Amino acid sequence: MNFLIDQDVYRATIEFLIGLGHNVVTAQSLGFNRASDRDILKKSIELDRILILVFLEKTVTSGIIFLRITPTTLSEAHSELRRLLVEHSEAELKVSYCTVESDRHRIRKLKLY
């Protein structure tokens, strides 16, 4: 597989992927050291590579809800967001990383600092 690796991914992970025989290009090697996630994502599309990002939990001080939403899935994603908000308390969401899609949501507890 062909990957584009964000600057926050550990070198050990990069070496692990290379050791498995994958083709790895780093954002740094492309001059994207300080690029936004959006710019790196655009580059991964341009290069036809799977993007690997790291979410740095150590910098989190509150809950996060990540919406995977497009104009064509807006209504369904809003319904799923509503379900998330009904099923989980504000206190629970403040210590969680949630991903909301048009047909499901996933929730993961964070270590907050």
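Residues are termed buried when their relative accessible area is under 20%, exposed when it is over 50% and partly exposed in between, as computed with a 1.4 Å probe on protein chains only. The structure is a predicted model, in which local features need pLDDT of at least 70 and side-chain atom pairs count only at pLDDT 80 or more, whereas totals for chains, interfaces and linings use all residues. Residues are numbered from 1 along each chain as its sequence is written, and side-chain values use heavy atoms, with hydrogens and water left out.

Helices (DSSP runs of H or I, at least four residues) and strands (runs of E, at least two) are numbered from the N terminus. Strand β5 contains serine 96, which counts as buried because its relative accessibility is 0%. The side chain of serine 96 reaches the backbone oxygen of glutamate 92 at 2.7 Å, and, residues up to four places away in sequence not being counted, serine 96 touches Gly63, Ile64, Ile107, Arg108, Lys109 and Leu110, a contact being defined by heavy atoms within 4.5 Å. Threonine 99, also found in β5 (residues 96-100), is buried at 8% relative accessibility. With the exclusion of residues up to four places away in sequence, threonine 99 touches Phe66, Arg68, Arg104, His105 and Arg106.

Threonine 70 is placed in the loop between β4 (64-67) and α3 (74-87) and is partly exposed, its relative accessible area being 38%. The side chains of threonine 70 and threonine 72 are joined by a polar contact of 3.1 Å, that is, a pair of N or O atoms within 3.5 Å, of which, within protein, one must be able to donate a hydrogen and the other to accept it, residues adjacent in sequence counting only if both atoms are side-chain atoms. Between threonine 70 and glutamate 101, which are 31 residues apart in sequence, the C-alpha to C-alpha distance is 9.6 Å.

In helix α3, the buried residues include Ala77, Glu80 and Leu84. Seen down the axis of α3, the buried residues fall within an arc of 60 degrees, so they line one face of the helix; the arc is that of the directions from the helix axis to the C-beta atoms. Ser75, Arg82 and Val86 are exposed on the face of α3 turned away from its buried side, while the cover over the buried residues includes β4, α4 (90-93), β5 and β6 (105-109).

In helix α2 (37-47), Ile40, Lys43 and Ser44 are buried. These residues cover an arc of only 100 degrees around the axis, which puts them on the same side of α2. Arg38, Lys42, Ile45 and Glu46 are exposed on the other side of α2, and β1 (2-5) and β3 are among the elements that cover its buried residues. Aspartate 48, in the loop between α2 and β3 (50-52), has a positive phi of about 55 degrees although it is not a glycine. Most residues other than glycine have a negative phi. Aspartate 48 is exposed, with a relative accessible area of 66%.

The largest pocket has a volume of about 580 Å³, a volume being the space filled by probe spheres set on grid points that are joined across faces, edges and corners. A pocket is an open set of points on a 1 Å grid over the protein atoms alone, where a 1.4 Å probe fits, with protein on both sides within 12 Å along at least five of seven lines, and lining residues have an atom within 4 Å of a point. Of the 15 residues that line the largest pocket, Asp37, Leu51, Leu53, Phe66 and Tyr97 lie nearest its centre. At least two lining residues are supplied by each of α2, β4 and β5, with α2 giving the most, three residues.
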